[in-house]
Amino acid sequence: MSQLWSRREWISIAATGVAMASGLLAAGHTAHAQNVNARNASAPKRTPNVLFIAVDDLRPTLGCYGDKIVKSPNIDKLAASGTLFQRAYCQQAVCSPSRNSLLSGLRPDSIKIYDLATNIRTALPNVVTLPQHFKAQGYRSERLGKIFHTTNGNHDDPLSWSEPQPVVALPDVIAPHIKQQILSQPEVAQPGNASPPQVKKGPPFGAPEVADDALPDGKIASQAIASLGANKNRPFFLAVGFHKPHLPFVAPRKYWDLYDRAQFKPHPLRNPPLGAPGYAGNGIGELRQYRGIPKKGPIPDEQAVQLIHGYHAAISYMDAQVGRVLDELDRLGLRDNTIVVLWGDHGWQLGEHGKWCKHNNYEAATHSPLLVRAPGVGAPGQQTNALTEFVDIYPSLCELAGLPQPQGLEGTSFVPLLRDPKRAWKQAAFSQWPQKIPDRGDGMGYAMRTDRYRFIEWTVPGTDFSEVELYDYQTDPAETVNIATQPQHAKLVAELKALLRAGPRAALPPRQPGAASKVGAWRAMPLRHSATPQRPAPCGGRRKAL
């Protein structure tokens, strides 16, 4: 698919290495943060480790994000010791494009990856990935579990790791005796749950009576614990990728038993937004591949409740594994010299708009957790409402580790937010979704999330086709009505369309008065990124909030 916004500079992020705006230590820190930073400044400098935790299909259904039902004590504990980003957004709501964007520091239109099968080296042979960059700076770079997308004909990136990393513990790799136990469970073995010939996979959920290590994420946590011990005396970049809560929602029975199924209800809003294009919400084909899911039509209420219960159980199982790894980090005395970042690769719909999974531009699909604990930077337990993007993680880790930043990264280091969570920040976060548009062909929907609005424009390359969506979270937080065609919003639509077409660079944070110009890691390095340099779009000063 061709790049759609080159003439409007959709991807006009500093491929030329122009520094982005940040700030030095800002006023308004708590006394605790000031003391921590003062001690850190006087202490001997050590090379910080990085524990990089990726979680598949994780929406912000966590206690630390305000969910009252889910049991996630270990991630909540991490949030209490670091910084929680309330509004972090992926750049495309599906595994491979989202992960490749984050790991390359480039947006989907720069890497030209919109599907699951295209490998990062096919798209950009000379790209310097985030773990590869740390490896080049002397770190031991290691992957355990899912970091790059390695199914659907795709494969890992050996250049990113210090040693070849076997791809094991895929989501569907469950021992035969455990599969048989799942299949014999009453709720799975119901009449009507027989697999029709077109069904590719087994049940969408299961609650086997097994130990944590009997399933893939438990094995991954054990491997991570071993790796921490083996590498405790040298700088490491340890990437740990947990599969759950990705389908199928299989977790040991004890995690299902944390919940009373009566707590769960089907989502009350089951229709697409009124006035939205029919193609915008996409289908639920991923879920329909599993045994017992209707081939067409809505998910029955009873099954919806089972799926929601399973999603929560899978989160609690994954959370326990995160806790095991973080506990070992503490036991080894590595906490005070290890940057921890935990992120979900995109959101997930649990019946919102009548949809399941991801694969669209709406809030539930693009919004995902992001938590960062950086020793000596910021106050523990702080939160920020600033709009942030996953493409920002690469330059942020460079700055936190004191490493030079490769030229051409398209994100903005959020380290200033760790120091001052309430400072002025980006005017918008950007996502996109490729979609066939009836009678038009292959299109792309570009989405922009501002403080108040979500604006989406659908286009088809080589044509003048344009269709827009606009949602006002102040009056319609559930995105129930597309107000873009209402005459009273014509001026607002024009303003948002102009900001969207100006591209991410036009939405950069304002520079703080007196801030230094070196921002983000900010010793640009001539490492080769294969993205074609883009002419920077003009970036003005402060603009009114949208």
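1. In this predicted model, Asn100 counts as buried, because its relative accessibility is 3% and the cut-off for burial is under 20%. Asn100 is found in helix H3, which spans residues 95–104, and, when residues up to four places away in sequence are left aside, Asn100 touches Ile111, Ile113, Thr118, Ile120 and Phe148.

2. Confidence should be kept in mind throughout: the mean pLDDT of the protein chain is 85, and 81% of its residues reach 70 or more. Over residues 1–44, however, the pLDDT is below 50, although this stretch has 120 contacts in the model beyond near neighbours in sequence. Residues 514–543 also have a pLDDT that stays under 50, and for them the model has 93 contacts beyond four places in sequence.

3. Helix H8 (residues 216–230) packs with helix H11 (residues 301–331), the axes coming within 9 Å and crossing at roughly 10°. Because angles under 35 degrees count as roughly parallel, H8 is described as roughly parallel to H11. On the H8 side the contact is made by Pro216, Asp217, Gly218, Ala221, Ser222, Ala224, Ile225 and Leu228, and on the H11 side by Tyr317, Met318, Gln321, Arg324, Val325, Glu328 and Leu329. The residues of this contact between H8 and H11 divide into nine nonpolar, three polar and three charged.

4. H11 also packs with helix H2 (residues 73–81), here at an angle of about 50° and with the axes 7 Å apart, and H2 and H11 are therefore oblique to each other. Pro73, Asn74, Ile75, Lys77 and Leu78 of H2 make this contact with Met318, Asp319, Ala320, Val322, Gly323, Leu326 and Asp327 of H11. The residues of the contact of H2 with H11 comprise seven nonpolar, two polar and three charged.

5. How many aromatic pairs does the count come to? The count comes to 15 aromatic pairs, and one of them is formed by Tyr279 and Trp458, edge-to-face at 5.2 Å centre to centre, with 85° between the planes. Tyr279 lies in the loop between helix H9 (253–256) and helix H10 (285–288), while Trp458 belongs to strand E15 (residues 453–459), so the pair ties together parts that are 179 residues apart in sequence. Tyr279 is buried, with a relative accessible area of 12%, and Trp458 is buried, with a value of 0%.

6. A further pair is that of Trp343 and Phe390, whose ring centres are 6.1 Å apart and whose planes lie at 65°, so the pair is edge-to-face. Since Trp343 is in strand E7 (residues 338–344) and Phe390 in the loop between strand E11 (382–389) and helix H13 (393–401), this pair ties together parts that are 47 residues apart in sequence.

7. The buried residues are Ile393, Tyr394, Pro395, Ser396, Leu397, Cys398, Glu399, Leu400 and Ala401. Gly402 follows H13, and its phi is positive, near 75°.

Conventions: Residues are numbered from 1 along each chain as its sequence is written. This is a predicted model: local features need pLDDT of at least 70, side-chain atom pairs count only at pLDDT 80 or more; totals for chains, interfaces and linings use all residues. Side-chain values use heavy atoms; hydrogens and water are left out. Axes are lines fitted to C-alpha atoms, for helices over the stretch in contact, and angles run from 0 to 180 degrees between N-to-C directions. Helices (H or I, at least four residues) and strands (E, at least two) are DSSP runs, numbered from the N terminus. Angles under 35 degrees count as roughly parallel, over 145 as roughly antiparallel, 65 to 115 as roughly perpendicular and the rest as oblique. Contact means heavy atoms within 4.5 Å. Ala, Val, Leu, Ile, Met, Phe, Trp, Tyr, Cys and Pro count as nonpolar, Asp, Glu, Lys and Arg as charged, and the others, Gly among them, as polar. Rings of Phe, Tyr and Trp (its six-membered ring) pair if their centres lie within 6.5 Å; planes under 30 degrees apart count as stacked, over 60 as edge-to-face and the rest as tilted. Buried means under 20% relative accessible area, exposed over 50%, partly exposed in between (1.4 Å probe, protein chains only). pLDDT is the predictor's confidence in each residue, from 0 to 100.
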